[in-house]
Amino acid sequence: MSVLFDRRDCGNGVFSTEITDAKFKSYMIFVKMNIPPDKEKEALCSLALDIVATSNRKYPEKEQLSKVLTGLYSSSLGSNYGRVGDYYSLCFTVGTNCDEYTLNGEKASEQIADILLDCLFDPYLENGAFSRKYFELCRQDILDDIEAVINNKRRYANVLFKKIAFEGEAYSLSMNDYKDTLLAADPVSVYKAYLEMLRTAQIEISFCGGPCPDNVKKRIIDTFVSYKRDPVCKDVYISPSPLKSEVRRESVTAEASQCQLLMAYKILDYNEYASKLFTAMLSLTPTSKLFVNVREKRSLCYYCDAFLCDLKNTMIVNTGLAEENLVEAEEAVKEQFKALADGDFTDEEMDEAKLSVSDGYLSNYDSKFSMYFWYSYQINRGTNDSPEDKIRKINALTREDIIAEAKKYKLDSVFILKPEKGGEADEV
Amino acid sequence: MKYEPEIIRSKLTGEECHLYHHPSGLDVMVMRLEGFRTTEAMFATKYGSVNNRFRTVDSNEVITVPDGIAHYLEHKLFENEESGVYELYAKTGASANAFTTFGATAYTFSVSGDYKQPLRILLDFVQKPYFTQENVEKEREIITQEINMSNDSPSRAIFFAVLGAMYHNHPVRIDIAGTVDSIKDITPELLYKCYNTFYNLHNMVLSISGNIEDEEVLSICDECLTPAPDIKLETIFPDEPAGVVKKRVHLVRQVGVPIFMLGFKCDPLKGSERYRRSLAADIMLRMLFGPLSPWYKKAFESGLINSAFGTEVFSAEEGYFTILLSGESKNIDALYDSIVKEIEENKKRPMDEDLFRTLLRGSYGSEIRKFNMVSDCTDIMCSAYLQHVSPFENVDILSTLTIDEVFDTISLLDIDRSSLCTVSN
């Protein structure tokens, strides 16, 4: 088992991370651009990244680029964006087979590097701005996606919930908040925002999976480093969310037959390792408090999960349930937090949670995506734990550590999405 | 006991898996993956939501069971007489799960540490049902909530609406979890009846891959499996007319952008013939309607479709074969007309050979990457076994597939045998 992890400060606000394991036959290159929170810039840069993922000067039509990628053994190319703490993170990704797995000895790596660099640094332009066609198409795609949020009630509830749990913070923003900016945008303003992002963003380039040739990595890194830039860099992205003085409650209705209950618990003095184990004991293991006591024993819901937004020092409990169970389920969730804070758990439960967490951490080695997310998380927090490092720290935790951590979590917000009317499909 | 495997090998990558016919009646598929830490196992029975009419082993009578019972059984099997199965897994660090599809129910675990004890737990609990009036009743509330939650999903609703519009009698038209009403009729007795019929080792497979040794796996099978007589299971499917039930269905739901699904009902096929036809149809769909096709470019650029558009061949051994085109559109009527026109025009003109070769090459690339995730290997071996094909069947087909075969599948897009389902506010 040989996994190479190598992170370097390449200068000019460019950092490279190499996570290589020869057992993988393909690899991904992630180019992440982190920018400070700014609603308008976030909207424009998101659209810009989608546009550069469609074409470039060499392949001005989306179909031409797609055909080249398909012919290159179904290589992938994509864009996505989201939040890292309160910062905004835009990621351009390509993936391809390692050169030794091409059929006729082609250098797929060099071709995919060309495509990546052409899309990012030599996009297809018209009159010094993005093409009107792809500007319109990509904008419409984002607007459609914003409209379609309501199709998935769990996703919809999460968007609304973040508005109250993280009120006044950049973390509360969703794509819906970008709608006005997008509608007012034009190819010139989007291209301008894109160039500014290239100039100022902290750039994190990650090569993850099977081996990517050194000359390819060097070419990509050198291109970014030699670009004329004035970067805004940040060491860590932790941005704790303040605890409200009173628990905020809100409820909305939607056409659905089931309810979504979301609860945010916040913690001021966050111990990453204790919180991870606490979360496992609360929700992640087969013997966890929420699963056993809220779902299995009392049949109060179909699911009840807790997850940590740990750059925000917040734990979110997400429950899908029938309306008549709302009050009892909310109380039952609170009881589980209290039980852990009161030390109402056995050593066996804690040991099982440690085992489960350890097993999960080690499984990251078998997925290039998981390894990428593992080390991205470390970078965002300013830590450098390997899965084994973290397992050691978690295994060293005691009952008292868990009790102390559980006691620090305070309920901050409760959000309920309720049925407006029966959810049966009306067939016409 | 020493076992000799049937070795199944990929011609493209040289990867191989081993098939063992264990004397208990169970077939075991093993793939050892060098360098991986994780082990994933899947213990599956050829029993899914469509198997709702069958001949019972005890009385030899043909019975029809309530819709959703296979899924209900899956939920209930996680409880044994002494304790919950999850509690046993918790002592090993393994994470366990299960799922029910139209044609199968599978129980899985994944572990990075020692896989032997989780494997014992898996083989043991699936062989030991424990259904009581009380524990069956308790589960009803959870499954009711699960069904209601699924009903809140327009994409799931449209999928079953289009199947319901295409199929008159075939149980594929019914949601895997059944309905809130149908699960009310499920009793411990019925669960035992289904269990005793379908959870027979001759009707099951163990698929396991990762950081494992064949001998260890088989030794645990020797230890944990109770030999079962081959009961010559008989599942009965109703006669299904060739035509569809309804040409068009509309659902009213709260959606952001109207969604659609156009389904083409095709004649069912079995085994390698089905698999080959399905792969050929998939390439045909990508040639006619995929992102590289002239139609896609036109439809996308004119705003008829957005990036949610997609195509799928949805078929199985159990008597259904459909082709689905789905996505979001603000002008579904115009989109429908455009699709119909494209089909008719493509029936008359030769296919683009260059595009065909590009798509084949892309498919090869995907095949090379396919067996590089432990969970994928376990899943592919299991589903291939249940569908009576080799896990490496795709590669064999790709190497011999002709453009004429692909062209021939355009005939599957028969508008007279299609149903369009739409969802809007």
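**Sheet of chain A.** I began with strand 10 (residues 259-266) of chain A and found that eight bridges join it to strand 12 of chain A, the two running antiparallel. I note that the model is predicted. Across from A:Ala264 I located A:Ile316, in strand 12 of chain A. I then traced the open sheet that holds five strands of chain A in the order 9-13-10-12-11, and recorded its pairing as mixed. At its edges I found strand 9 (248-254) and strand 11 (303-309) of chain A, each of which pairs on one side only. I noted an average twist of 15° from one strand to the next.

**Helix over the sheet.** I looked up helix 9 (residues 272-284) of chain A, which lies across strand 11 and strand 12 of chain A. Its direction is at about 175° to strand 11 of chain A.

**Helix 4 of chain A.** I checked the length of this helix: at 1.5 Å a residue its 16 residues should span 22 Å, and the end C-alpha atoms are 22 Å apart, which agrees. As buried residues of helix 4 of chain A I listed A:Tyr134, A:Phe135, A:Leu137, A:Cys138 and A:Arg139. I found the buried residues of helix 4 packing against several elements of chain A, including helix 1 (39-52) and helix 7 (187-200), and also against helix 9 (294-301) of chain B.

**Contact with chain B.** I recorded 57 residues of chain A in contact with 62 residues of chain B. Elements of chain A that each supply at least two residues to this side include helix 4 (132-147) and strand 12 (314-321). Helix 12 of chain A gives the most, with seven residues. I divided the residues on the chain A side into 21 nonpolar, 20 polar and 16 charged.

Terms used. Residues numbered from 1 in each chain as written. Chains lettered and ligands numbered in written order. Predicted model: local features only at pLDDT ≥ 70, side-chain atom pairs only at ≥ 80, totals over all residues. Contact = placed C-beta atoms within 7 Å. Helix = DSSP H or I, 4+ residues; strand = E, 2+ residues; numbered from the N terminus. Nonpolar A, V, L, I, M, F, W, Y, C, P; charged D, E, K, R; others polar. Expected span 1.5 Å × (residues − 1). Buried ≥ 20, exposed ≤ 12 C-beta atoms within 10 Å, placed from the backbone. Pairing = 2+ DSSP bridges. Axes fitted to C-alpha atoms, helices over the stretch in contact; angles between N-to-C directions.
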